[in-house]
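Okay, everyone, thanks for coming.

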Amino acid sequence: MAPKEPLTTSRSSVPSARNMEEEADRHDALFVVGSLDETLELRGLRYHPIDIETSVSRAHRSIAESAVFTWTNLLVVVVELSGSEQEALDLVPLVTNVVLKEHHLIVGVVVIVDPGVIPINSRGEKQRMHLRDSFLADQLDPIYVAYNM
C-alpha cells in the first residue's frame, strides 16, 4: 500500500476575486425546484406560475394578488384589484408589459376581479385549476376582461 501524501495548503488554493468571478460565470444558472404538475407549458417551454405571479404582483400597488393558468394555449392572468375600479383599465397594459418583459410571454387574457376571488386552500396554496374552471364556467364576476387574441 502506497503511503498517503500529506495534506498541504498553498497560497494558490485561496480563491482570488478574479477566480471567484470566473466561478460565478461558469455557474450562473437558476434551478427551480417544484412540482412539474404545477408548471405551465407554453411555446414548448415550462414556466412555474409563481414566477409569473410574482412579476405581476410587483407591477402595481393596486394588485393585491394574482394567479395564472393556461386556456387553449393562451396565458390567462387573473388579478385581484385592491384599489378603485377606475384603475382596472390601467392595469391591463402594465400586466401584459411586465409578463412580456420579464418572461417573454404574450398574455392572452387579463381578468381583473375583486379581492378574495382567487381560491386558496387551507395550506395557503392557490387553487389555479378551480380558478380556471370558474373562468371557463363564467362564474368569476370580473370587473374587466381584456382579450388579446
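**A helix pair and a pocket**

So, helix α2 (residues 49–57) and helix α3 (residues 88–103) pack at about 130°, their axes 9 Å apart. Axes are lines fitted to C-alpha atoms, for helices over the stretch in contact, with angles running from 0 to 180 degrees between N-to-C directions. Helices here are DSSP runs of H or I, at least four residues, numbered from the N terminus.

Who makes the contact (heavy atoms within 4.5 Å)? From α2 we have Asp51, Ile52, Ser55 and Val56, and from α3 Val95, Val98, Val99, Glu102 and His103. By class, that's five nonpolar, two polar and two charged residues.

A quick word on the source: this is a predicted model, where local features need pLDDT of at least 70, side-chain atom pairs count only at pLDDT 80 or more, and totals for chains, interfaces and linings use all residues. Residues are numbered from 1 along each chain as its sequence is written, and side-chain values use heavy atoms, leaving out hydrogens and water.

Now the pocket. Which helix gives the largest share of the lining of the largest pocket? That's α4 (residues 128–136), with three residues. The lining as a whole divides into three nonpolar, four polar and four charged. For classes, Ala, Val, Leu, Ile, Met, Phe, Trp, Tyr, Cys and Pro are nonpolar, Asp, Glu, Lys and Arg charged, and the others, Gly among them, polar.

How values were computed. Helix = DSSP H or I, 4+ residues; strand = E, 2+ residues; numbered from the N terminus. Contact = heavy atoms within 4.5 Å.
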